[in-house]
Amino acid sequence: MTKDRAVLTRQVKEASDIVAVIGGFVPLKPAGMRYVGLCPFHNDHRPSFNVDPKWQNYRCWACGKTGDVFTFLQEYEKVSFIEARAMLAQRAGIALDGDQGPNQERMQQLEAIRWAAELYQNCLLELPIAERARRYLGERKLTGETIRKFGLGFAPGTWDWLVQQAGRSNQPFDVLEKVGLISPRSVDAGWYDRFRDRVMFPIKDSSGRVIGFGGRILPDAPNIDREPKYYNTPESPLFSKSDVIYGLDQARAAAAGVGYLAVVEGYTDVLMAHQFGVPQVVATMGTAMNARHIQQLRRYVQRVILVFDADAGGKGGVDRALEVFVRENVDLAIASLPAGLDPCDLLVQQGAEPFKRALESAVNALDFKLNQMLELERVNGIQGQMRVLNAVLAIVAAVPEGANAEAQQKRELVVNRIAHQLGLSERRVWERLGELRSSRREPDSRPAETSQPSTSSAPALPHEREWIELLLAEPSLVSKARVEVPVDEMQHPGLRKILDGLYSLYDAGETPDLDALRTRLDHPALASKALELQHTGRTSPADRNDWFAQLCAAFRSRREQNSREKLRGDLTTATDHDAAIELLRRLRDGQADSDSKRAG
Ligand SMILES: [Zn+2]
């Protein structure tokens, strides 16, 4: 039997104390009746994030993010309402019925990958068939502790090792295929393993769930010449190579302590850094740093350090880093290692100190680019200086002009630094930036990227807003409200959606409250708005019946005003004298109200 959705939502909410849940992600300290901490949603320097146990909500005084335990998880873990509810239900030990879990298919896939990761790991640690893999990892100087910590495994070279295991454990082959572990044979029936003779690196999401694998072929594999050295899980609903940050689940706690995350290139760099006691290190999956990476990293730290080998840094990496620095709200710095050494080699050959020193002396991405260019143009006088100016400003000019204050601050900072470094006036640098911008504006230039749908509709009329505040605070009034104010009278689109949801719930015989509405409002911004309105409604000192009556009166007078305006409009366009007289009479008698009632 299916549990009622609203009942389930309410149960889960009651079982999930907001202070305990948020406290699991963000360190919170008691402050009077509330708890405070650093806001995970913006670049917070002092604790602006308030969690209120009484009202079971949170609010950031700096960035305005607000909501309840569900919206917090939705925004923090980037999941849907249904998934957030499932995560909390699991935490609270509340059983979910089939159709109410987060996407069953996804859960099945995660389970299949988890199963395979365990098998691969057991194989590496225990089975004779993995002897070569163990020897290889030993040669790479990885300790057993590191190997266990990151769950490394081994996929044997026979073509059907995993397939056979799956047969024995009744793992569905089609699910294993979907997650990229096996493929159907092309000639006869059956399946074959996609990862063969490879050391397996489980790739996890930030909460530590395995979502894919990277496989490194053993150097003495018989097919080494025909196969790629590294092979990743193909793109799937679970795994998107350009979004993944390797090692984030292991690094996030350490990062909170030191205030930054260092980004390297390979799995073994991450493993070795942890092994040498530098745990605030993660890797991208061989793709350049992008906005989605930064958004994930910014949940944990304000400062990101890109670690470059001194050679590699010259190949466009620094330009891209500078672009990210200008575009994103992040303090991005560059650490360069001695030429020809990746972090793994450096750590193994010289220990932790040189690597730690490189991280400590990381240079802000802009200064790094300026220094690099100035070094190149050192002997070229004024012309060289202009080339430096143009090269750096060209990158800045390529970034769309963001409308927010932070983007503007970032640009001011950049111009100030450039002017200072090159000994030019800031005005001169602004002028040049303006010139480069206008020469870039092509007819098909893309508009500034916005990550959120625009919510810049006109503000709601006070009586509309209060109507929703009241109904969310007092669901028992919805039945009366339904008669007084039809949905169409709500002009504000967001509020109309909420009102429509409440009325529909009432019509369907369900309790018209916010818990029931949540599954229908799967837009976190709207849900968080609704929570805010509910809070205002609940904390209002007004008598709810009086308030209801006042708002009904406000809607009525609005209605009258509208129909009077309509009559006046009709009057100015009326061509027939008698009709005009009649309209005037009605306008004077104030019949507008009853007319509109008849019409509505
Ligand atoms: Zn905030």
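Predicted model: local features only at pLDDT ≥ 70, side-chain atom pairs only at ≥ 80, totals over all residues.
**View 1. Arg-59 stands opposite Thr-66 in strand S5.** Strand S4 (residues 57-60) and S5 are joined antiparallel by two bridges.

**View 2. Five strands line up in an open sheet.** Reading across this sheet, the order is S1-S2-S3-S4-S5, and the pairing is antiparallel. Look at the edges and you will find strand S1 (29-31) and strand S5 (66-67). Each of these two has a single partner strand, so one of its sides has no neighbour in the sheet.

**View 3. Strand S9 (residues 198-204) is largely enclosed by the rest of the structure, because seven of its seven residues are buried.** In a regular strand, side chains alternate between the two faces of the sheet. Here both faces of S9 are covered. On one side sit the buried residues Arg-198, Met-200, Pro-202 and Lys-204.

**View 4. Strand S6 (residues 153-155) pairs with S9.** Three bridges join these strands, which run antiparallel.

**View 5. S9 and S10 form a hairpin.** Seven bridges connect S9 with strand S10 (residues 210-217), and the two run antiparallel. One spot to look for is Ile-203, which stands opposite Gly-212 in S10. Five residues lie between the two strands of the hairpin. In the turn, Gly-208 has a positive phi of about 90°.

Terms used:
Residues numbered from 1 in each chain as written. Buried ≥ 20, exposed ≤ 12 C-beta atoms within 10 Å, placed from the backbone. Helix = DSSP H or I, 4+ residues; strand = E, 2+ residues; numbered from the N terminus. Pairing = 2+ DSSP bridges.
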